[in-house]
Amino acid sequence: MPWELDKPKFKVGDLVKVVEEIDFLACDAVVKPGEIGLVISVDTTDEGYVNYWGFDYMVLIRGRLKLLFFESEIQLYERAIDNPMKDKLNFIFLKH
């Protein structure tokens with residue numbers, strides 16, 4: 001799979017979905033396909049170095065696990081919002 005090595009596919013703050021089961025032996029955790037996480041770090045250096053497999057992404061899973069993923073193991077999570085005004089809204093304030 002070719003990667004676009006000049007810039008990362010995901011950025012800090014993106015919600016991503018895991019696309020394959022991964023067994024992290026070092027921390028005794030198994031992440032299943034479909035689990036959602038938050039990108040908290042993109043592994044690049046000041047020199048713009050990218051490892052042989054592309055960018056590494058530190059993803060927060062289950063609110064407590066910080067795990068490294070390759071670009072091919074995650075995809076952007078986009079939840080469909082069923083709202084006819086979704087393209088016109090910039091901000092919603094909810095008062096309790």
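These are notes on a predicted model of one chain.

1. Basis. Residues are numbered from 1 along each chain as its sequence is written. The model is predicted: local features need pLDDT of at least 70 and side-chain atom pairs count only at pLDDT 80 or more, while totals for chains, interfaces and linings use all residues; side-chain values use heavy atoms, without hydrogens and water.

2. Confidence. The mean pLDDT (the predictor's confidence in each residue, from 0 to 100) is 79 for the chain, and 65% of the residues score at least 70. Among the elements, strand 1 (residues 15-18) has the highest mean, 96, and strand 4 (residues 36-43) the lowest, 90.

3. Secondary structure. The chain has seven strands and zero helices (DSSP runs numbered from the N terminus: strands E, at least two residues; helices H or I, at least four).

4. Burial. Of 96 residues, 27% are buried (under 20% relative accessible area, 1.4 Å probe, protein chains only).

5. Contacts. Leaving out residues up to four places away in sequence, Tyr57 touches, among others, Pro8, Phe10, Val39, Leu67, Phe69 and Ile74 (contact: heavy atoms within 4.5 Å). Across the chain, 51% of the contacts between residues at least 6 apart in sequence join residues at least 24 apart.

Note on methods: Buried < 20%, exposed > 50% of the residue type's maximum accessible area, 1.4 Å probe, protein only.
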